[in-house]
Amino acid sequence: QVQLVESGGGLVQPGGSLRLSCATSGSIIRINDMAWYRQAPGKQREFVAAIISGGRTNYVDSVKGRFTISRDNAKNTVYLQMERLKPEDTAVYYCNVQGRDYRWISFNAWGQGTQVTVAS
C-alpha cells in the first residue's frame, strides 16, 4: 500500500515563504509524475505544479516565478518551495504521486493535505 505524508504547512505573512514536503512510502517500483494541488474554501481543487520523472516541470500561471517544485528520487519525496506568498495562496495543499507498485500495478495516491494560510 502506498502512503503519502505531507508536512511544512502553516501560517505565514504576505511576502513570506514556506516549503512543503511529501514523502512516499510503500512497496513502490517506480514513481512517474509528482504534483501539488490546492483547494481554497468554497472552491474546487486546482492544479499547482508538477514534475515528471525526467525532471520537466509545469506550473499554473498564478504561481510561476514564485513556486518551485522539486523531487528527491532517492527519498521518493516531492517538495514545493513557495516564495512571495499572497493571501490568495491560502488553501489546503495536497500532493499527488503516480507510479507503479511492486506488482507493477499503477497507483495514483493523494496526501492528507496540509493547510497553508497567508495572512498578516
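**Reading salt bridges, burial and backbone angles**

Mentor: Arg38, Glu46, Arg66 and Asp89 are linked in a network of salt bridges. This is a predicted model, in which local features need pLDDT of at least 70 and side-chain atom pairs pLDDT 80 or more, while totals for chains, interfaces and linings use all residues. Residue numbers start from 1 along each chain as its sequence is written, and side-chain values use heavy atoms, with hydrogens and water left out.

Trainee: Are Asp89 and Arg38 buried or exposed?

Mentor: Both Asp89 and Arg38 are buried. Buried means under 20% relative accessible area, exposed over 50%, and partly exposed in between (1.4 Å probe, protein chains only).

Trainee: Which residue pairs with Lys64, and how is Lys64 classed?

Mentor: Lys64 forms a salt bridge with Asp61, again with a closest N to O distance of 3.0 Å. Lys64 counts as partly exposed because its relative accessibility is 48%. Asp61 has a relative accessible area of 62%, so Asp61 is exposed.

Trainee: What does Asp101 pair with, and why is Asp101 classed as it is?

Mentor: Arg103 is the partner of Asp101, and their closest N and O atoms are 2.7 Å apart. Asp101 is classed as buried because its relative accessible area is 8%.

Trainee: Now for the nonpolar side: which residues make a nonpolar surface patch?

Mentor: Ile29, Tyr102 and Trp104 make a nonpolar surface patch of about 360 Å². Patch members have over 30% relative accessible area and no salt bridge, with nonpolar side chains joined within 5 Å; the areas come from the Shrake-Rupley method with a 1.4 Å probe. Ile29 has its place in strand S4 (residues 28-39). Its relative accessibility is 44%, so Ile29 counts as partly exposed.

Trainee: I like to check backbone angles too. What is phi of Asn76, and where is Asn76 found?

Mentor: Phi of Asn76 is near 50°, a positive value in a residue other than glycine. Asn76 is found in the loop between strand S7 (67-72) and S8. With a relative accessible area of 25%, Asn76 is partly exposed. Arg84 also deserves a look: its phi is near 45°, positive in a residue other than glycine. Arg84 lies in the loop between S8 and S9, and its relative accessible area of 48% makes Arg84 partly exposed.

Trainee: Last one: where is Ser120, and how far apart are Ser120 and Tyr94 in space?

Mentor: Ser120 lies in the segment after strand S11 (114-118). Ser120 counts as exposed because its relative accessibility is 87%. From C-alpha to C-alpha, Ser120 and Tyr94 are 23 Å apart in space, and they are 26 residues apart in sequence.

Methods:
Patch = residues over 30% accessible without salt bridge, like charges linked within 9 Å, V, L, I, M, F, W, Y side chains within 5 Å. Salt bridge = Lys/Arg side-chain N within 4 Å of Asp/Glu carboxyl O. Helix = DSSP H or I, 4+ residues; strand = E, 2+ residues; numbered from the N terminus.
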